[in-house]
Amino acid sequence: MQSSENIESIFGNPVKAINKLAFPTIFSILLMFLNNLIDSFWVAGINADALAALGFISPLYLVIIGLGTGLGAGTNSLISRYLGADRREDANNAIIHSIILTLIVSAIVLIIGIFFLKDLVILLGASSVSTYCLDYGEIIFFLNIVFLLPNVLASIFRAEGNVKRATSPLVLTYVLNMVLDPIFIYVFKLGIFGAGFATVLASFIGLLWMLYWIFVKKDSYFSFKLASYKSKWDIYKNILVVSLPAGTEEIIFSLVAIILNYLIIITSGISEVAAFTIAWRFISMAFLPCMGIGIATITVSGVAYGARNSENFDLTIKYSTFLSLIITLIFSVVFFFFAYPLCDIFTFTANDPYLITRSAEILQLLVFYNFMIPFGATAAYVYQAVGSGFKSLALTILRELILSMGLAYLFGITLNMGIFGVYLGTIIGMNIGSLIGFVFIWIFNLKFKKRCIN
């Protein structure tokens, strides 16, 4: 049976397990990134106000996606540990708990959408384009379950080693959204509402595919039956202990971008923000493989931790860090040497050579921002895998806000080094914070080895 083979694969060699889980996940994440770019491209064809509205509403949409990612991380972590400890009934019970939690979170988001979305739009400074924001955002908030539930179901499939079922519906969702966007925006003349509707419809179709496997084929390793449910507060707590910090981390990443834009405006002006935004697209792209490998690491290290297999746990940490580092360095080298032609392509303007030149200069500097991220990312995902979500969050706050943004302010503003100081502080803070995180997870690894021996 396929599910049995999948289970055996994540109990076996961690290197093979990570390779099997990580690369399809990386592909789906890169496709999501491309989908976001294409979304902006089609909405830009409506008018400048519509594109601005998409920019304002995107952080709220990303918060919803972050909640789904957090719930998925918490579910994956707990199920993997139960699986490693050979507690299949508890794993089945945890699945129903995670779905109930997802429905509760979805209801809360729905209530916020009904009563507070307009206020949030105004709070973000988008009052002049609030109509566009609401046209796009209301359907996203009202039908948010089609974004939350697929993330949780994908994490369950990933926990049983079935990467095809975890990623194929997500890939279908992104491809469908790219196709449906121009149809609903321009053919059906629904404008920016059409973009939101296309996003929801594509996600709903991907969700239906997952539900078909669960309730029609019924060949999953885990059970999705209500009969498996026995309410336990400890299970809810164990999921939330990872989910809440993981979701908060997604919000922190958005906050860092806001702070950086603020520091850039103070030290160099609006034109620098435009150039930085182009360069940041590539820097963000280079981080996506670390996310894919990290998501695989949650499953593999969680199973090893639950099984008290210190050898596999140790190898998972080493290999996931090594693989992330190699891919990150490849991206960095490519971006450094091909910065100018890449920025030329992504500026979408042939009449602003300064923008191309400046964004390429920023990109060549910021490639050093990514160098140590694989070490920090491994620490964060392994802490999530073992159920220590708040330690992962603490390291993220230290790395992203205290060190990276703190040093950016110190060098750029306090020491009066200007825009170069902002970038330099960001780079130094990120690298130091990432290495500190890895030191902490390595100490945890050594302690785990001793506990397994004793």
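Residues are numbered from 1 along each chain as its sequence is written. Because the model is predicted, local features need pLDDT of at least 70 and side-chain atom pairs count only at pLDDT 80 or more, while totals for chains, interfaces and linings use all residues; side-chain values use heavy atoms, leaving out hydrogens and water.

Helices α9 (residues 233-268) and α16 (residues 418-453) pack at about 155°, with axes 8 Å apart. Helices here are DSSP runs of H or I with at least four residues, numbered from the N terminus; axes are lines fitted to C-alpha atoms over the stretch in contact, and angles run from 0 to 180 degrees between N-to-C directions. The two helices are therefore roughly antiparallel, a label for angles over 145 degrees. On the α9 side, L260, L263, I264, T267 and S268 make the contact, meeting G418, I419, V422, Y423 and T426 of α16 (contact means heavy atoms within 4.5 Å).

Eight salt bridges turn up, each a side-chain nitrogen of Lys or Arg within 4 Å of a carboxyl oxygen of Asp or Glu. E272 forms a salt bridge with R358, with the closest N and O atoms 2.9 Å apart. E272 sits in helix α10 (residues 270-306) and R358 in helix α13 (residues 353-366), so the pair ties together parts 86 residues apart in sequence.

As for the second largest pocket, its lining has four nonpolar, two polar and three charged residues. Nonpolar covers Ala, Val, Leu, Ile, Met, Phe, Trp, Tyr, Cys and Pro; charged covers Asp, Glu, Lys and Arg; the others, Gly among them, are polar.

Notes: Parallel < 35°, antiparallel > 145°, perpendicular 65-115°, else oblique.
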